[in-house]
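The following note collects some remarks on aromatic contacts and helix packing.

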Amino acid sequence: MGRMLNALSDRTLELGPARNVEREGNWRVATDEDYVTWLVLDRPDMSVNTIDRSVMEELAVHVDRIIAQRPSAVVIRSAKPSGFAAGADIKQFVGISREEVEAGLREAHAVLDRLASLETKTIAILHGHCLGGGLEIALACDRRIAISDASLGFPEVMLGLHPGLGGTYRATTIADPVKAMTMMLTGRSMRAKKAKAIGLVDAVVEERHVRAAVQAALYNELRLKAGSISSQAFGFRPARAFAAGQMRKKTAEKAPKEHYPAPYRLIDLWEKHGGDAKAMQAAELTSFAELIETETAQNLVRVFFLREAMRALKDGASDIRRVHVVGAGAMGGEIAAWAAAQGFDVTLGDVAEKPVGKAMGAATEMLERALRDPLKVRDALDRLTPDLRGYGIRHADLVIEAVPEKIALKRKIYAEIEPQLKEGALLATNTSALPLPDLAEGLADPSRFVGLHFFNPVSRMQLIEIVSHEAIAPETARRAIAFAVELSRLPAPVMSAAGFLVNRALTPYMAEALIMVDEGIPKERIDARAEAFGMPMGPIELTDQVGLDIALDVATSLRADLDTEFPETPDWLKKMVEEGKLGRKTGAGLYEYDKDGKSKKRKLDALPDTAKDDPDLLDRMILPMLNAVVACLREGVIAREDIADGAMIFGTGFAPFRGGPIHYARTRGIDDIVAKLSALEEKHGARFRPDAGWERLKG
């Protein structure tokens, strides 16, 4: 079915005469009756085009032919239904020297410079994803026509880089320079209509009108956006200097320069050379080659491959099309809405009408934020059906239980659901802590029972822990992993154990921070130190975000279930929970919150000079987290180091530029980590005792 749909999608793409010719390497090439050459990128054995040396070398040959044959125009587009191109092939930058990178870039730049200087008119047709190097090829063309579904972007900053195939100077010359810089600095993609509004593309059409648009471009009938006053103004360095200052300030709010140098390099490039394309090109080449060698870029490239490794855990299709979610609370509602957004038919049930109504309203808001396309929101909502009577259970391929964390309640629900399940249907729980063997007691067929631990908010958190137990069938685990990938999420297979992986590792980080608050260290200092390390949020604010009641329950559960020492919870925290001060959700917790939910933190420079500090503050937070991950590897809670690193990055936000907790430990040195843990154990107690698993990592 998937191949048939792909073929159908392929037939809808206007490829001109290139549709019926054999591929030459990575390209299909043919000339139509108007003497327009169609140059169609169609990399063999790949569902998505990427740009690598072979693509650019073949493009150089085709440019030579164009110069010799002098067609009336050249159309460049992709034959892949998924889009024009997903950017550069990252593998080509692994394990090569800076000099090799720079030499390869110079060759690629020469190809695009020749493409840009052709006397023949060049027209890029962009559909689907047009990212990175793919967009840079399009920018070297005279005209860019986007299909309405196109999404354009420069994601290089996510890899610790900036565009390296001319994007820095072509984008800021062709489009509104500040808007183009913002695209490159954030790595966020832009829809076709917005790209036209800033001048990045010249026209937006539906696929059926591509031929007509090509004709319009050929005969200069496209309405082109006039250069803006701001574009002219930024040709002068004083104007760029002012804007660059604003960009640095904005960038520093989310990406400290010492950890993420790429955006600052990009700003420097534009400020210094924005009025001189040749100078900016030369500076771009050098800067990109230097950045690729930085630890940040190497680690962010590693994170890219971690993501690919987690996706590659998918082995075949899940065969899940219909999903029923039991429990219309915050998590259940988001799980249902997200599944509907990804194309699944979903029914959502609860024991009461009010939660379902509230969940449907919240689903609309979430889908509008996540999809940003009214038609896609409408289609997703059409696939999401309120189901108070549970009619969807008997038709579902997967039933997900997402009710409060009470074993008796969950078992009662399973007893009602299991007899209704059709043959081959899976039963899943979204529990974040409860042991699956205990939950499975009483099930007639525990082999089809699995944990799907989503993280909140579901629309933004990419990880799903796939929780197995002794009685699970391998086919159940396989299908659950496939389902996670089909949800556009990243699976981390774990065994049922206290806290699984993520909560097991994250809770000591939060618990130690509370002990330090108890010692008199200002909570603002604790959070600031964690954020400076690269965590997205300090442990104190994170505890408020999770909810003091939930944090207390998880800590209490782990303390009871783990064989290792676990930090004691301060009595004052228990009292806060009793008083209903639960954190952000109640407007008060460890911090006070304004009506918009923003914490009222003191600035660090407002702390008294006598405020307590601890030179081991950072290690006291981070090393227990690493110790817990190592324990999970030793105990078999998670099987692979790389998946453990990926799970912690995508589930907790562990500093991506450090490559994951185990990678960070190896980079810092296993012996150094163990020695520091031992020193902290001697000073603070057994909760810092190095896990026996560290010895295995030394091998």
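**Notes on aromatic contacts and helix packing**

1. Phe234 is buried, its relative accessible area being 16%. The model is a predicted one, and the remarks below should be read accordingly.

2. A search of the whole structure returns eight aromatic pairs. One of them joins Phe234 to Trp270, with 5.5 Å from centre to centre and 55 degrees between the planes, and is classed as tilted. The class follows because an edge-to-face pair requires planes over 60 degrees apart and a stacked pair requires them under 30. Phe234 belongs to the loop between α9 (229-233) and α10 (237-252), whereas Trp270 belongs to helix α11 (residues 262-273); the pair therefore ties together parts that are 36 residues apart in sequence. Trp270 is buried, with a relative accessible area of 1%.

3. In the pair of Phe344 and Phe483, the ring centres are 5.1 Å apart and the planes stand at 70 degrees, so this pair is edge-to-face. It links distant parts of the chain, 139 residues apart: Phe344 is in the loop between α14 (330-341) and β12 (345-349), and Phe483 is in helix α19 (residues 474-486). Phe344 is buried at a relative accessible area of 1%, and Phe483 is likewise buried, also at 1%.

4. Phe533, Phe654 and Tyr664 make up one aromatic cluster. Over the ring of Phe533 sits the charged end of Arg658, 4.1 Å from the ring centre.

5. Turning to helix packing, how do the axes of helix α2 (residues 53-69) and helix α3 (residues 98-116) cross, and at roughly what angle? The two axes come within 10 Å and cross at roughly 30 degrees. Angles under 35 degrees count as roughly parallel, and α2 and α3 are therefore roughly parallel to each other. The crossing in which α2 passes α3 is left-handed.

6. The contact between these helices involves residues of both. From α2 come Arg53, Met56, Leu59, Ala60, Val63, Asp64 and Ile67, which meet Gly104, Glu107, Ala108, Val111, Leu112, Arg114 and Leu115 of α3.

Note on methods. Residues are numbered from 1 along each chain as its sequence is written. This is a predicted model: local features need pLDDT of at least 70, side-chain atom pairs count only at pLDDT 80 or more; totals for chains, interfaces and linings use all residues. Side-chain values use heavy atoms; hydrogens and water are left out. Rings of Phe, Tyr and Trp (its six-membered ring) pair if their centres lie within 6.5 Å; planes under 30 degrees apart count as stacked, over 60 as edge-to-face and the rest as tilted. Helices (H or I, at least four residues) and strands (E, at least two) are DSSP runs, numbered from the N terminus. Buried means under 20% relative accessible area, exposed over 50%, partly exposed in between (1.4 Å probe, protein chains only). A charge sits over a ring if NZ of Lys or CZ of Arg is within 6 Å of the ring centre and within 35 degrees of the ring normal. Axes are lines fitted to C-alpha atoms, for helices over the stretch in contact, and angles run from 0 to 180 degrees between N-to-C directions. Angles under 35 degrees count as roughly parallel, over 145 as roughly antiparallel, 65 to 115 as roughly perpendicular and the rest as oblique. A crossing is left-handed if the near helix is turned anticlockwise from the far one by less than a right angle, and right-handed if clockwise. Contact means heavy atoms within 4.5 Å.
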